[in-house]
Structures are given as structure tokens and as C-alpha cells.
Amino acid sequence: MDHTRDDSGPGTLSSATQRFQTLFENVPARLLVLSPNGFEIIAVSNAYLAATMRSRDDLIGRTVFDAFPDDPADEGSDSTRILRSSLQRVMTHRAPDAMAVQRYPIPRPETEGGGFEQRYWSVVNTPLIDDDGSISCIFHEAEDVTPLFEGADDGQPTAHPTTATTTSSRPILEALLNTRRLQSDNRRLRAEIADLETVQRLLGLATWRLPVGLDVATLSSNFPHIIGTDPQRTTMSPHDYLQLVHEDDRERAERDLAVIETSGARHYESRHRIRRPDDGRIIYVHSVGELIDTPDGPSLVGLLQDVSSETRTRRELTRTNRLFALASRMARVGSWRVRRDRDHVIWSAETAAIHEVPVEPPPTLEKAFELYCEEYRPRIRAAVEHCFSTGEGWTEVLQIHAIRSGGRKWIRTIGEAEYDSEGNIIGTQGALQDISDLVHALDRGEALARRLMTTLENMSDAFYLLSGDLEFVYLNPLAEQLLERDRDTLIGRHVWDEFPAAKDSPLGEIYPRALQTGERQEARFHYPDLDKWFSLDAYPVPEGLAVYFRDITEQRQLDEQLRQAQKLESIGQLTGGVAHDFNNLLTVIVGNAELLREKLSDDRRLRPLADLIETAGARGAELTNRLLAFARRQPLAPQLVDLGKLIAGMEPLVRRTLSEDIEIEFVRGGGLWPCELDPGQLEVALLNLAINARDAMPEGGRLTIETANTRLDDAYADAHEEVSPGQYVMVSVTDSGLGMDEEALRRAFEPFYTTKAVGKGSGLGLSMVYGFVKQSNGHSKIYSEPGEGTTVRLYFPRSRSGAEYAAEADEVQVAAAGGEHVLVVEDDDLVRGHVVAQLEALGYAVTSAESGPGALELLRQSPDVDLLFTDVVMPGGMSGRDLGTAAQALRPSLRILYTSGYTENAIIHNGRLDPGVHLLSKPYRRRDLARKVRQVLDEPASPDRMR
């Protein structure tokens, strides 16, 4: 019996089987092992060989009938037929069959004289049943009873072997035969039990028997050895056994055993772990059993096997196979093999998956060649044939057809020769990898490199690459343009050799620092040789330095302009903050000066002092208004105006303002577009420009005021950051005076900057013009050169509102007070007292409050209030506008007049008063107060109108 295959672990089962074979061959019984199909001899014991005078090589592989034929000289011999019948019964019934005593003619070897030797044998044929119920082999056991026919052990004669036995001797003979057979069976049984125990111990096997209805199982001697209990123990209850089962497997093991009782099944099987009590080791066991009927009742008979080594080996193998399969799947690598004597390819599942074909059936070699694309078939065919003939391997990158999905795949195939033990080439084997993704990635990489080169060549920044030794490696066209050098003359040259002045610039420090630290470096510097300002970023790269740079000469100029604008804006914010408190003071000063002047009209000594105070207050108010105009925080009341008509009406005023030695010319453009602006502020702005022109022409000259329609295009807007392209109406004021140098021209719009002598100007004229034009969404520009005069151009956007031109305002007559009730709200005590006195002097009934919440309370208590006169900017969390909104909610018909020296954005947005809002700007004269209060009170009531 050649069972050398190892199924459970390295060397374990093979060694045990070899030992079992040795034991089998040396048992004292005469045994043959026959195959179930054909009854070929597959194993034989030494005792059988001695009894038959044969060698093992004479019998193994031959049928029993061929090895022991009938004696041709004995026509009545039928031992072959009887043996064949017994074996057929064994195959049919799958049960042992005992033959009657038979005469066996044993052929003698030629060395023993030849012929046949007559023997009488008692034979039992026993089948060995597999787990699936099939017969794996048949044990043919022969007991030689020839001495019973030739003479008993006590010397009494018996019938001669060649003659039939007598009737009287047959019972004795049968009894002797049965006794001998029983003794033989006992000896054989003990031997088999010993052999079985040995085999059980070697293979980790044990048997058990559990009678149904009893709670004690009988154990074989090897059972305690396997599970680690007392070696002398021969019985165990199922409960005690389950206590040894691993706690994680115990419930399942108990359920497996209960299947016999609960479902009536006859087969039991369970795999679980046992925690051995003697050494604490955990082993894996496989227990199977069958419910059989015995004279004593049904019993569950089973087999327990220690499968720890097999389980761990299988798990390790499974883990290894999974890792290998995972690696193959992730790397998309498959294996293949071609034997020279077979015409098909053996390949792994991954190889078949790469080809997108089933694993089975394996393709022929020719079919495998056809899986390659046509142009690559000659190469793979030649590589395989060359390997078959020379043993040289190959590595090829080819394309195959993707069978299921269509298209093509790139693969790398590697092959080598396969040799037998004698060094002959018996085939070729290798691996195959799908590298489509890699090839596509390389293609993408090359495409990316091309796109990168295209990007570098066309990028908006200049770029060059320096080696680690600071030599030029690459320059893009823009770098050539900014450096004013051709790259062919620079590549391979050292940067300091080609641009020596750069070494003394910040580049001389940041280039070595970037290479040393590996960190990005940046710099802004002026390069004198090119008279340019550059912004540069140097990035360390494996090749050296990647340098991006830009010409920022123009940007620096724009930044300077921006800083100038921001400075002007900051001054404007400061101005707005001061104006509120200053105008409050001026309101009191101007108002009281006016009263003094009236009271002292007959006093020639004090009247000039009152006039002086009033004049100084007016000049202070004018100064504040100019500051607010520059800061673009003055309240404008824009309306649709005809600039041509407006400027024409100013001609007499301008002529009176200028001296007689200045010639004045008005150039009026025809068909001027309408503009939306505050006409009063425009008059002030033009008057300021005329006065500046007069001062710039001390010896006389020429002043030209011109109007025209014009368009500022995109190019102009790009050059002037605050300008939007479109249609404008231009007002130009040109003088032939002294002109301005570059410094004066740059600072012309700054407040308090003037080129006039000390005491000759405040420096707010042009700044007021600048603020007014900006607040009107316009644009101003000065052109001037020393000795060539100055031109100031004001651009106002064309209005497309479709509104009517504003009618010229008639002089508002101040009507007498009608006894109306005015509520004055002012947080400044001085201003509040002054306003209350002024209104009472005008004949009004006046109530005052110093805050918004206080005013609301007075409104609730005094339903006869006709006018709310409130400051806009007040502390306490409620502004004048908040108060007006709350008051109108309380009294919808209430009229409201606001006053402020600086309104922030409460009632003015985008430089314009909100619609329907009335404002009296501080400081104001008594007549301005009287006129505005009367105007608001006499306005027709309209509850839904915003006031």
C-alpha cells in the first residue's frame, strides 16, 4: 500500500503511512489487498508471500486470478470461479464474505521444481468502506488448513489431500477448522486492535461509542491522549466533554451533537477547538459519528481526529494563497506554463482575467498566440520557439486583444525554460502582467510634459531654470524678452557671468539660500542695467532652481498712485470726523455774531467787531465745506442740469472774479448731454478753478472754459483705475499761467498743499474740486508743465434717467411764523440753546430734547407738535434718522427737518440726499433757518412720503 502523499502537513502523514505499511507487511496473517475494480493485487503481507513462495514484485499489479490460476492438469479445479463469486458478493453486499475450505493449487517457482503444490485454505474477503460509502479496497485473508488434511498435531492420520474426506471425519474437521479459525481470528483481532491503536496514535485518531439513552461514552485508549485528560480514562459523559470545548465553539458543538436527538439524523459531524486541561494548549478536532443498530440498541459510534496541524497548515496556506492572489490581482500579474509534450497552456485565473476569457478550458498554444494582436504574434511565437530550442528566456512588451470588452491591452510577458531532473527542456513557464495603466500613465506623462513645455513657453510670467551650479538650463520666450537676451546665448552659461550686476542685488543672497535651505525665496529689486523693477520667486527643485519673475516697473508706479489715493482718503476720513463738532461751534458763533451785528447797528465802535466775528465764522464754514467736499462727505442735492446753460449763467460772476488783464473765453459745445449733479457745488468748483487760474497768471493771461461731449474708452479706463469707460460731458478750465512741475502735479489734489505764498491760499481749492467730482461719480485730470500753463478737465457721466431738467428756483420769501409748535432735538447744549432762541425769536412755540428717546416721549405727550427739527449725528444709540423713522411711525403726518455738520451715511447715500429728505447744513444763518423751517411747514402734507 503506497500511501506516501502528504495531506496534513510536512512529513506527518507520509511518515505515519510508511510506518503503517511496514506494520501491515509484517503482520503474521496471510493478507492480500485487492482493488475493487479488476481485483488487482495492490498490497501483500510477507506471510502471504512465504505461503505462496512468491515475491512482492511477482504479485503487485496483477489480478488475483492471473497470479493464482487453476491447475491445468486438474480438470475439476474451480477455485478461480469460487473466489470470483465470493468477491462479487462482497462488491454487491459491501459486507465480508467467508468462503468454505477450498483446495488451492499453488504454482511452484521453477527454483522449487515447478508444477503445483496442493493446499487447503479457509478464506475471508472483507471490504474497506470510504466516507462516501464506496469500497476503496478488499482485504483477502487466507488461513492454511492443509495440515488438517495431511495429519493432525496429535499424530492421527487424515485423508490424503488429493482425495475427498470421509463422511465421519467431516464434523471433526469442521470443528477443528472453526477452532483454528476462531483462534486465528482472535490473534488477528488482537493484532488488528494493536495496529489500529498504533495507527490512531500516529494519525491523531480516536474512537468513541455513545449508546442512545445513556450519558456515558466509551473511549478508545488514544482518546484521553488527544484531549489531554487522564490516560487511564475509558469513559466520559457528553457534558464533561463539552466543558473541554473552547467557549467560543461550545454552543455550536452542543448543537451539532443535539442534531441526532432532535432531528432523527443518523450522521453526526462537528469541528471545534478543545482546551487541553493538562497543558492548556488549544487543539482543533474533527469528530464524526454514525448512528448504528446493535443487539444492545442503537449507538452513536464515532471517530475523533486531531486536525490541529492540518487546520493551521490549511489556514496558513489559505492566508498565503490569499496574499498571493491579492498581490497578483493588485499587480495584475498572472502565471502560465506550457509543456512540450502537451498542446495546451496551463494558466492562472489572473492570466485568464487579463485576457478576459474563462479559465477553463485551457487554450491550445496556437489559440494563445491568436490572443495577441496581429503585429505582435510573430514576436511572441519566435520567443517561445527560441526558448524551446535554446532554453533562453525572454521579456517582451506586447499588445493583446481584450476579448470581452474589446480594444487592446498592453502586457509584459516573461518566460523561461523548464527542465526535468536530467536537464532536458520539457517546457516553458513564466508570468504575464497587464501594464496598460502604466503605458497609459507614461503616455499621459509625456503628454503632460508637452503641455508643461507649452505652458512654460506661453505663461504670463517670465521663467528660467538654473542648475545647482547656477547655470541656465531653460528660459521661456518672456524671460528672453524681459532680460533682452536670446536663450541660445544663455543656456549653459553662469548667471553671474551673464548678469554680473545681479550678484550685487538681492539675488546674490537668495539664490544660495534657496539651494541651501530648500525653501522658496522671493525678492523685489531694481536691476540698473535694464532700468527695471522685478518681482522674483525662486523655488528649489531637484535640478536646481525654478525662477519666476515679472517686470513690476509699471505696477510700482500704479502702487504709488494707489498710496497717494489712500493718503487722500485717510485725510478725508479725518476731515469728516472733525467737521461735525466744528460746524456745531460755527453755528453758534455765526448765529450770535449775526444777532450782535443787528443789535449794534448804531454802534460804530462795536459794529465792526461783530462784522469781523461774522466774517470769520463764514470763512470757517467755507473751510469746513471745502474739507467735506474733498472728503466726499458733503450732502449733495443732485438734479438733471444742462451744463452749457449753467456755465453760461456763471459768465458774469467769473468775469467779476478775474482781473481785467485776464482774457476770458467760453467755448460751448453743442448738444451737450444731460448730467445729474448738484449745480451749486459745480458753480463753487468752477469758481475755485477760476481763482486758481487767476493766481497762476499774476501778469495777466488767458483763461478758457470749454464744454464738450466725449467718450472715455477702455484703454483710458485701464490706465486710470477709478474710471469706468463710457460717455461723459467734459468741462475744461485752461490757463496760460506758470504751470506746475512733476512734484506739484502729483500732489495737486492733496488738501492743504499749495504752491502759493504763505497766507495766499488754504490749499483746499483743488481738493474740494476733486472730492465734488468723485462724489458725483465723475473723473478729474490735470495737465500741466512749468511755463506752459495748466488744464483741469472735469468729466461728468452722461445721465440716461429720462427725467426733466430742473426748473430754476425762485427766491424763497421768508414768511412770518404762524405759531406752529417745533420740537428741537440736539445733543450739544450750546447749539440747542441757540436754535431754541432763534426759533422763539421767529415766533414759533418751541420744545427741546437732548436725545432721541427723550424726543419720542415728548411726542407722545404733545400731540400738537408740527415739526421735528433734529440733528442727525447723536449719541445714545439712536441717530436722528432713527428718531425720524420712529416719529413718523408714531405720527405719520409729522414734518421732519434734519440738520448736521457731518451726516455720515444716515440720510446721505452715494453722496446724495435720500429722496424726500430735508436737510439744513450747519453752520447756518438765521435767515437760512427761517426759510427752511417755513418751507418744510408749508409743504403739502403727504403721509406716504418719506421725509
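**Figure 1. Ser 732 stands opposite Arg 793 of strand β29 in this predicted model.** The two strands shown in this close-up are β27, residues 726–735, and β29, residues 790–797. They pair in the antiparallel sense, over 8 bridges. In general, the strands of a sheet pair through backbone hydrogen bonds, and the pairing is either parallel or antiparallel.

**Figure 2. An open sheet is built from 5 strands.** The order of the strands is β24-β26-β27-β29-β28, and their pairing is mixed. Strands β24 (662–667) and β28 (779–784) form the edges, each pairing on one side only. On average, neighbouring strands of the sheet are turned by 15° against each other, direction ignored.

**Figure 3. Helices α23 and α24 lie across strands of the sheet.** Helix α23, which comprises residues 643–657, lies across β24, β26 (701–712), β27 and β29. Helix α23 runs at about 170° to β24. Helix α24, residues 679–695, also lies across β24, β26, β27 and β29. The angle between helix α24 and β27 is about 35°.

**Figure 4. Asp 97 and Arg 89 meet in a salt bridge.** The distance between their side chains is 2.9 Å, taken from N to O. Asp 97 has a relative accessibility of 13% and therefore counts as buried. Arg 89, with a relative accessible area of 36%, is partly exposed.

**Figure 5. A salt bridge joins the side chains of Asp 293 and Arg 266.** The N to O distance is 3.9 Å. This pair links distant parts of the chain, as the two residues are 27 residues apart. Asp 293 belongs to strand β11 (residues 282–294), whereas Arg 266 is found in the loop between α10 (250–263) and β10 (267–275). Is Asp 293 buried or exposed? Its relative accessible area is 61%, so Asp 293 is exposed. Arg 266 is partly exposed, at 41% relative accessible area.

**Figure 6. The side chains of Glu 480 and Arg 487 form a salt bridge.** Here the distance from N to O is 3.7 Å. Glu 480 counts as buried because its relative accessibility is 17%, and buried means under 20%. Arg 487 has a relative accessible area of 21% and is partly exposed.

**Figure 7. A network of salt bridges links several residues.** The residues linked in this network are Asp 461, Arg 520, Glu 522, Asp 537 and Arg 550. The structure as a whole holds 42 salt bridges.

Terms used:
Residues numbered from 1 in each chain as written. Predicted model: local features only at pLDDT ≥ 70, side-chain atom pairs only at ≥ 80, totals over all residues. Heavy atoms only, no water. Pairing = 2+ DSSP bridges. Helix = DSSP H or I, 4+ residues; strand = E, 2+ residues; numbered from the N terminus. Axes fitted to C-alpha atoms, helices over the stretch in contact; angles between N-to-C directions. Contact = heavy atoms within 4.5 Å. Salt bridge = Lys/Arg side-chain N within 4 Å of Asp/Glu carboxyl O. Buried < 20%, exposed > 50% of the residue type's maximum accessible area, 1.4 Å probe, protein only.
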